[in-house]
Amino acid sequence: MSELMQTYQRLYDRYGPRHWWPADSPFEVAIGAILTQNTNWQNVEKALANLRAANALSLQRIAALDPEQLQQFIRPSGYFRQKTERLQLFCHYLIKQHGSIEILLKQSLTDARNELLALKGIGPETADSILLYAGEIASFVVDAYTRRIFGRLGQLEGSKTYTEIRDYFMQSLPHQAPLFNEYHALIVQHAKCHCLTKPRCLDCPLAENCRYLLDQQAGPELV
Ligand code: SF4
């Protein structure tokens, strides 16, 4: 079993299935992926609830909304002016090129990903979240928690950029969307329970193989 699969198994054994992404449709997932940039999911939920209450959570409605009104709906998610522009560009693009997010996501991973990445305001983490959670396409999502945990474990040596880290996961794991989905959710859970900014290493399920912990236990080097 690869090192990454062993880590997955330890996290799964500890935390169990996370039943992740709390959204109703591929379109809602895509909107959520844009809204969650630089904020947490609780704030995104509030923005989505506002859109839903106004019967505005649809491709056509978001595209047609007055930008100032859309800003008010999504205000809880922060950066609301920038996100309004991104949402409307995204929706206009979908209407013009495909008609729906489902059709865009019917393409190959490479084509769908390149198309998403070419859109203003959609970086690799957002694109991979849309592919994985809206399209159920096996594209691994790398976030700050992934960098923190696997950096501390010592598994990212030489991998620094988003692409390098994603490549490491894509090359080491079987390409299965449910696995990638669950793995990312477990990473988030672990980052909140143990591997916080200030790590709580006591009773951590990954302690046995953690470079950071080994270094801490070794103490400062003698010079
Ligand atoms: S042992 Fe500490 S640093 Fe290592 S993964 Fe666990 S919580 Fe993070």
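In this predicted model, the residues of the shell around the ligand comprise 9 nonpolar, 2 polar and 2 charged. The shell holds 13 residues, and the closest to the ligand are Cys195, Cys201, Cys204, Cys210 and Tyr212. The ligand itself sits in the largest cavity.

Which helices each supply at least two residues of this shell? They are α10, spanning 144–153, and α13, spanning 211–218.

Helix α10 also packs against another helix. Two packed helices are described by the angle between their axes and the distance between those axes. For α10 and α12, the latter made of residues 177–193, the angle is about 70 degrees and the axes lie 9 Å apart. Angles of 65 to 115 degrees count as roughly perpendicular, so α10 is roughly perpendicular to α12.

On the α10 side, the contact is made by Tyr145, Thr146, Arg148, Ile149 and Phe150. On the α12 side, Tyr183, His184, Ile187, Val188, His190, Ala191 and Lys192 take part. Sorted by class, this contact of α10 with α12 has 7 nonpolar, 3 polar and 2 charged residues.

How values were computed: Residues are numbered from 1 along each chain as its sequence is written. This is a predicted model: local features need pLDDT of at least 70, side-chain atom pairs count only at pLDDT 80 or more; totals for chains, interfaces and linings use all residues. Side-chain values use heavy atoms; hydrogens and water are left out. A residue is near a molecule or strand if one of its heavy atoms lies within 4 Å of it. On a 1 Å grid over the protein atoms alone, a cavity is a set of points where a 1.4 Å probe fits but cannot get out, and a pocket is an open set with protein on both sides within 12 Å along at least five of seven lines; lining residues have an atom within 4 Å of a point. A molecule sits in a cavity or pocket if more than half of its atoms lie within 2 Å of its grid points. Helices (H or I, at least four residues) and strands (E, at least two) are DSSP runs, numbered from the N terminus. Ala, Val, Leu, Ile, Met, Phe, Trp, Tyr, Cys and Pro count as nonpolar, Asp, Glu, Lys and Arg as charged, and the others, Gly among them, as polar. Axes are lines fitted to C-alpha atoms, for helices over the stretch in contact, and angles run from 0 to 180 degrees between N-to-C directions. Angles under 35 degrees count as roughly parallel, over 145 as roughly antiparallel, 65 to 115 as roughly perpendicular and the rest as oblique. Contact means heavy atoms within 4.5 Å.
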